[in-house]
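Here is a short note for someone opening this entry for the first time. Please keep the model on screen while reading the points.

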Amino acid sequence: MLRHAIAPTRRYTKASHDVVRHQALNSDAKILLLYVQGLSEADAAAHSLGEHAARLGIKGRAYQRAKQLLGEYGYLHAWRWQGERGRWVTEQLLANITLTREEASAVRAGGAPPSERPPTVGGPGVRNVGGSLPVEELPEKNLPHPPPQEPPLAEGEGESEGDDELAEAERVLLSLRHVNRDLLLGVREARGLANAAAEWLRRGVSAGDLRRALTVGLPAGGVRSAVGFVRHRLVQKLPVEAAVDAPPGATPAGLVTCVGPGAEHVFRPVGEETRCGRCRVVGAGASAAGAGTGPQPQPPSWRDRLAGAAG
């Protein structure tokens with residue numbers, strides 16, 4: 001996104017980043033707060049907050065919601081009491097910083113706001129010139145919380161076991177941080193997940209597809225634990241292993257002579273069978289035909305039929 005901004009020299013209102021970037025305040029509440037802060041003391045006191053909101057076009061439920069948010073987060077305070085004639089009077093205080101009830105009451109009574117502090121006692125001191133030490137002679141800084149150092153790796157721990165898939169899987173896991181910062185893994189964390197990721201590569205998944213499977217569809221609220229999230233996906237989304245018909249490089253079986261009936265012929269067996277497929281089918285049909293109760297009667301020959309017709 002490009003930005004072009006020129007600081008105004010007149011007719012402007014100073015706005016705190018705490019107000020502009022407040023995630024809980026809606027736009028109506030922010031605009032109303034900044035609008036009132038830009039008014040003079042007389043103009044601000046001449047009308048109520050609701051009347052100022054009406055000038056901005058904020059009415060009804062929108063005004064009630066903005067008023068509720070300003071009061072909830074300490075920007076708006078109100079006091080209500082009964083006057084001499086029995087009429088109720090409401091006094092409002094709108095601040096550009098969050099105030100507690102006690103601080104708001106002090107400001108209402110004419111006290112100093114929380115941001116104002118009494119001046120420092122004593123006159124200005126004299127600045128010493130030329131007393132700085134060279135850079136190489138400066139004392140070491142004693143940090144209260146030094147950054148944690150990763151313990152040294154054991155001998156041979158940083159080296160791969162000679163498995164190409166394991167080394168490639170570890171490189172993919174360490175590269176996830178470049179796709180999304182929530183998937184930042186340490187060296188030891190990636191090495192602990194390398195075996196599960198290498199199984200994907202052994203099943204024919206490319207390194208790019210593996211990276212894509214681990215980085216797409218991340219939770220909307222972010223990843224709380226990179227190690228747990230990646231481990232869950234590696235286990236739950238592991239692709240099925242492709243079925244292999246024959247081992248790579250296997251040679252087909254040689255031709256053998258069929259022992260079935262008919263002319264001599266050869267076939268290529270799949271297992272240890274001795275008859276070809278056609279002979280096995282014919283043999284199975286003959287066995288089914290011979291499975292009856294007895295021999296089937298033969299039809300009369302032509303000689304018998306001719307003799308019967310002459311007699």
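Which residues in H7 meet which residues in H9?

1. On the H7 side, the residues are Glu168, Val172 and Leu173. They meet Ala207, Leu210, Arg211 and Leu214 of H9. By type, this contact divides into 5 nonpolar and 2 charged residues, with no polar ones. Bear in mind that the model is predicted.

2. Now the geometry. Two packed helices are described by the angle between their axes and the distance between the axes. H7 covers residues 164–174 and H9 covers residues 207–215. Their axes come within 10 Å and cross at roughly 40°. The pair therefore counts as oblique, since roughly parallel would need an angle under 35 degrees. The crossing of H7 and H9 is right-handed.

3. Look next at helix H10, residues 226–236. Its buried residues are Ala226, Val227, Phe229, Val230, Arg233 and Leu234. An α-helix has 3.6 residues a turn, so residues three or four places apart point the same way.

4. What lies over those buried residues of H10? The cover includes H7, H9 and helix H8 (187–202).

5. Finally, the whole protein. It has 12 helices and 4 strands. Of its 311 residues, 20% count as buried. The accessible surface comes to about 24,400 Å², and 53% of that belongs to carbon and sulfur atoms. Among contacts between residues at least 6 apart in sequence, 47% join residues at least 24 apart.

Methods: Residues are numbered from 1 along each chain as its sequence is written. This is a predicted model: local features need pLDDT of at least 70, side-chain atom pairs count only at pLDDT 80 or more; totals for chains, interfaces and linings use all residues. Side-chain values use heavy atoms; hydrogens and water are left out. Axes are lines fitted to C-alpha atoms, for helices over the stretch in contact, and angles run from 0 to 180 degrees between N-to-C directions. Helices (H or I, at least four residues) and strands (E, at least two) are DSSP runs, numbered from the N terminus. Angles under 35 degrees count as roughly parallel, over 145 as roughly antiparallel, 65 to 115 as roughly perpendicular and the rest as oblique. A crossing is left-handed if the near helix is turned anticlockwise from the far one by less than a right angle, and right-handed if clockwise. Contact means heavy atoms within 4.5 Å. Ala, Val, Leu, Ile, Met, Phe, Trp, Tyr, Cys and Pro count as nonpolar, Asp, Glu, Lys and Arg as charged, and the others, Gly among them, as polar. Buried means under 20% relative accessible area, exposed over 50%, partly exposed in between (1.4 Å probe, protein chains only). Accessible areas come from the Shrake-Rupley method with a 1.4 Å probe; for residues, only the protein chains shown count as cover.
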